[in-house]
Amino acid sequence: MPTNFFRHGLAIASLLVPLLASGTACGGRAAGTTENSSPITVVIDAGHGGHDRGGIPGQSIPEKEMTLDVAQRLRNVLAASSYRVVMTRDSDVFVPLATRVAIANSYRNAVFVCIHFNATKRIGAEGIETYFYSRDSLPLASAIHYYVVGGAPSANRGVRRRGYYVLRKTSIPAVLVECGFLTNPTEAAYAQTASYRQKLAEEIAAGVRGRNSVASAATSESIPLQPYIDQTKVAKSSHHSSKRSHKKSARKKKSSSKPADSATRAASTDREG
Ligand SMILES: [Zn+2]
């Protein structure tokens, strides 16, 4: 999806460290699920689909095809590891965001992983970024980001906090991964390579497996809340609606109101998409 450009997440991402012993020390928080319990369900959400191609107008590579391919590869990797896997879509169909959330919320002992690729008018924009919203989602976001960035040649744009609909409305740990910019020639070339998409899927799967084993020195409160932008209408969303949604989120999370305000200012000046 198109994105805004500011880099609060970069410093945070550099603080991600793998733990030798899972779930201990270093400020690590247990994810919403526990190791050694019944197998978790992984709800995989391939971004966009059907009439919603994703990306920005005029973009040559359809984001919806890349997301579905990575999602299907991720399903295969996780299924081979005995995870129960559910897909919000498994073909080129449009699935409303509310339906995606309803599917995710119908499972307990589950996590939700949304697969996206980025886009912007600035072709030099590059890198991988991972979003979360709820506190319980940060360990999963940290782990997935750690592995995907580690396995990809792309730049590290950090773990970021934003109230995307699919992240705000889900009641299980939920993460949205932006697997690189399809508007960047180098990253687009990678994305169009099957072996690279397989690599992305394997690294995301490693993050799911290691969700209790990668600690972030950051807390969900220390990561600035970026203004909410609708996942499927980024290019058209008005400043007014973003601001209003942001304020609503800020009220819920008192401690993040200050950084969120600065994030709003940054977004208003740095927005490119
Ligand atoms: Zn997208």
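Q: In which hand does H2 pass H7 at their crossing?
A: In this predicted model, helices H2 and H7 pack with their axes 8 Å apart and at an angle of about 50 degrees, and that angle makes H2 oblique to H7. The residues that meet include Asp69, Val70 and Arg73 in H2 and Arg197, Gln198 and Leu200 in H7. As for the hand of the crossing, H2 passes H7 in one that is right-handed.

Q: How does H4 run relative to H7, roughly parallel or roughly antiparallel?
A: The axes of H4 and H7 come within 7 Å of each other and cross at roughly 150 degrees, in a crossing that is right-handed. Among the residues that make the contact are Ala143, Ile144 and Tyr147 of H4, together with Leu200, Glu203 and Ile204 of H7. Because angles over 145 degrees count as roughly antiparallel, the crossing makes H4, relative to H7, roughly antiparallel.

Q: How far apart are the end C-alpha atoms of H7?
A: Helix H7 takes in residues 194-209, which are 16 residues, and at 1.5 Å a residue they should span 22 Å.

Q: Which elements are included in what covers the buried residues of H7?
A: The residues of H7 that are buried are Arg197, Leu200, Ala201, Glu203, Ile204, Ala205, Ala206, Gly207 and Val208. Both strands and helices are included in what covers these buried residues. By name, the strands are S2, S4 and S7, and the helices are H2, H4 and H6.

Q: How many of the 14 residues of H4 are buried?
A: At 1.5 Å a residue, the 14 residues of H4 should span 20 Å, and its end C-alpha atoms, which are 20 Å apart, agree with this. The buried residues of H4 include Leu138, Pro139, Ser142, His145 and Val149. H4 is largely enclosed by the rest of the structure, because the number of its residues that are buried is 12 of the 14.

Q: Is serine 82 buried or exposed?
A: Serine 82 lies in the loop between H2 and strand S3, and its phi, near 70 degrees, is a positive value in a residue other than glycine. Since a residue with 12 or fewer C-beta neighbours within 10 Å is called exposed, serine 82, with 7 such neighbours, counts as exposed.

Q: What distance separates the C-alpha atoms of alanine 46 and aspartate 69?
A: Alanine 46 lies in strand S2, and with 30 C-beta neighbours inside 10 Å it counts as buried. Not counting residues up to four places away in sequence, alanine 46 touches Thr67, Leu68, Ala71, Thr88, Arg89 and Ile115. Although alanine 46 and aspartate 69 are 23 residues apart along the chain, the separation of their C-alpha atoms is 8.2 Å.

Q: What distance separates the C-alpha atoms of isoleucine 56 and lysine 121?
A: Isoleucine 56 is placed in the loop between S2 and H2, where its 19 C-beta neighbours inside 10 Å make it count as partly exposed. Along the chain, isoleucine 56 and lysine 121 are 65 residues apart, while their C-alpha atoms are separated by 7.9 Å.

Terms used
Residues are numbered from 1 along each chain as its sequence is written. This is a predicted model: local features need pLDDT of at least 70, side-chain atom pairs count only at pLDDT 80 or more; totals for chains, interfaces and linings use all residues. Helices (H or I, at least four residues) and strands (E, at least two) are DSSP runs, numbered from the N terminus. The expected span of a helix is 1.5 Å times one less than its number of residues. A residue is buried if 20 or more other C-beta atoms lie within 10 Å of its own, exposed if 12 or fewer, and partly exposed in between; C-beta atoms are placed from the backbone. Two residues are in contact if their C-beta atoms, placed from the backbone, lie within 7 Å. Axes are lines fitted to C-alpha atoms, for helices over the stretch in contact, and angles run from 0 to 180 degrees between N-to-C directions. Angles under 35 degrees count as roughly parallel, over 145 as roughly antiparallel, 65 to 115 as roughly perpendicular and the rest as oblique. A crossing is left-handed if the near helix is turned anticlockwise from the far one by less than a right angle, and right-handed if clockwise.
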